[in-house]
Amino acid sequence: MKRERAIDLLTTVLTSATEADGQPLSMLDEIHVFGSFARGAVQPHDVDVAVELTPDEDFISDLAWSLSSGRDPFTPVRHALIGRSRGIQFRFHELTMLREGGIATTLLWRRGDDLDTALGRLDAIKPDPDAGRAARDGMLPAFEGIDRHVPRPVREMLSAWSGAGAARVTQIDLPIAEPDDARARRVIERRWGESSVLRRAAYAALAHLEKHGIDAGSVHLHGQDMVKDSDTSCFVGFQWRYADTIHQCLTHWGGVQWLEVPHPARAGAITAVLIETADRDALTAQQPRW
């Protein structure tokens with residue numbers, strides 16, 4: 001992307017924020033830019049933007065429904081800021097995590113700022129021909145083609161585990177199928193409606209595990225045991241919602257594998273990341289940052 005295009009996109013975001021009138025943009029607190037654009041790259045791959053907000057009652061009331069149906073609760077905010085234009089990668093409510101991960105951010109807008117103030121901060125980020133694009137930190141073959149759906153802290157965590165020989169991390173394609181186990185199908189159907197992308201992902205994950213000899217009763221599916229109070233050896237998650245528990249599940253809780261679907265989709269192939277314990281002692285020593 002040319003830097004001029006990136007500036008146009010950021011100008012649109014800042015204009016939307018300063019002209020906000022009502023929900024969802026009334027929730028916004030701050031907008032920061034980071035990554036290659038913030039360092040001055042003249043041809044950034046895309047523009048990384050961190051948005052901080054204070055959820056209102058409408059957002060909170062819709063949050064559980066959005067997550068249970070596999071929808072991104074921040075989609076309305078993203079559309080209100082930039083419409084359907086591409087080129088900006090938003091990170092919502094992750095500013096603290098970014099900073100703890102050593103990522104520098106640059107403030108563009110804060111609640112109460114006018115557009116001129118925000119554009120002045122944007123203009124202060126000068127191009128640097130020597131900046132170039134940043135290497136994608138924490139990249140493994142398992143993330144190829146899906147890295148935009150794997151948050152940087154997760155990439156770094158799994159790369160560290162892989163490098164230490166503590167875990168094996170691989171990318172796999174899940175079957176478009178339902179598990180043969182009628183009990184498993186009933187559990188999934190009680191949790192998610194027929195049109196939910198999470199039902200489709202759950203079917204595929206359980207069908208895959210079933211094919212590899214794993215009984216549904218030993219599976220913890222997206223925050224819940226398939227069979228209450230059962231011994232759990234395999235964990236399944238969607239959209240990295242429970243990423244902060246992977247380490248504990250594979251060490252203290254005795255899990256042997258975690259199957260994650262980073263981006264459940266309504267159609268097409270279902271790609272997953274399989275995380276398998278390779279050395280439990282080494283994995284126990286690999287404490288995650290959060």
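**Figure 1. Helix α1 against helix α4.** In this predicted model, L9, T12, V13, S16 and A17 of α1 meet A80, L81 and I82 of α4. Contact means heavy atoms within 4.5 Å. Helices (H or I, at least four residues) and strands (E, at least two) are DSSP runs, numbered from the N terminus. The axes of α1 and α4 (residues 75-82) come within 7 Å and cross at roughly 110 degrees. That makes α1 roughly perpendicular to α4. Angles of 65 to 115 degrees count as roughly perpendicular, under 35 as roughly parallel, over 145 as roughly antiparallel and the rest as oblique. Axes are lines fitted to C-alpha atoms, for helices over the stretch in contact, with angles from 0 to 180 degrees between N-to-C directions. The residues of this contact divide into six nonpolar, two polar and no charged. Here Ala, Val, Leu, Ile, Met, Phe, Trp, Tyr, Cys and Pro count as nonpolar, Asp, Glu, Lys and Arg as charged, and the others, Gly among them, as polar.

The model is predicted: local features need pLDDT of at least 70, side-chain atom pairs count only at pLDDT 80 or more, and totals for chains, interfaces and linings use all residues. Residues are numbered from 1 along each chain as its sequence is written, and side-chain values use heavy atoms, with hydrogens and water left out.

**Figure 2. The cis peptide bond at Q23 and P24.** Q23 and P24 are joined by a cis peptide bond, with omega at about 10 degrees. P24 is found in the loop between α1 (3-18) and β1. Most peptide bonds are trans.

**Figure 3. The open four-stranded sheet.** The strand order is β3-β2-β1-β4, and the pairing is mixed. Two strands pair if DSSP finds at least two bridges between them. β3 (88-92) and β4 (105-110) stand at the edges with a single partner strand each, so one side of each is left without a neighbour in the sheet. On average, neighbouring strands of this sheet are turned by 30 degrees against each other, direction ignored. Six bridges pair β1 (residues 28-34) with β2 (residues 47-53) in the antiparallel sense. Within this sheet, H32 stands opposite A50 in β2.

**Figure 4. Strand β10 and its partners.** Seven of the eight residues of β10 (residues 270-277) are buried, so the strand is largely enclosed by the rest of the structure. Buried means under 20% relative accessible area, exposed over 50%, partly exposed in between (1.4 Å probe, protein chains only). β5 (residues 167-174) pairs with β10 in the antiparallel sense over eight bridges. I172 stands opposite A272 in β10. β9 and β10 also run antiparallel, joined by four bridges. L259 stands opposite L274 in β10.

Figure 5. Most residues other than glycine have a negative phi. H222 is not a glycine, yet its phi is positive, about 45 degrees. H222 sits in the loop between β6 (219-221) and β7 (224-225). Its relative accessible area is 4%, so H222 is buried. Leaving aside neighbours within four places in sequence, H222 is in contact with R191, W192, L198, V236, G237, F238, R241 and Y242. Q239, also not a glycine, has a positive phi of about 60 degrees. Q239 lies in the loop between β8 (234-238) and α10 (246-250). With a relative accessible area of 29%, Q239 is partly exposed.

Figure 6. A disulfide is a covalent bond between the sulfur atoms of two cysteines. The criterion used is a pair of cysteine sulfur atoms within 2.5 Å. By this rule the count comes to zero disulfides. C234 is in no disulfide; its nearest cysteine sulfur, that of C249, is 11 Å away. For the sulfur of C249, the closest cysteine sulfur is likewise that of C234, too far for a bond. C234 is buried at 0% relative accessibility. C249 is buried at 2%.

**Figure 7. The surroundings of G255.** G255 lies in the loop between α10 and β9 (257-261). G255 is buried, with a relative accessible area of 0%. Leaving aside neighbours within four places in sequence, G255 is in contact with T232, S233, F235, C249, L250, T277 and R280. The C-alpha atoms of G255 and D231 are separated by 9.3 Å, and the two residues lie 24 residues apart along the chain.
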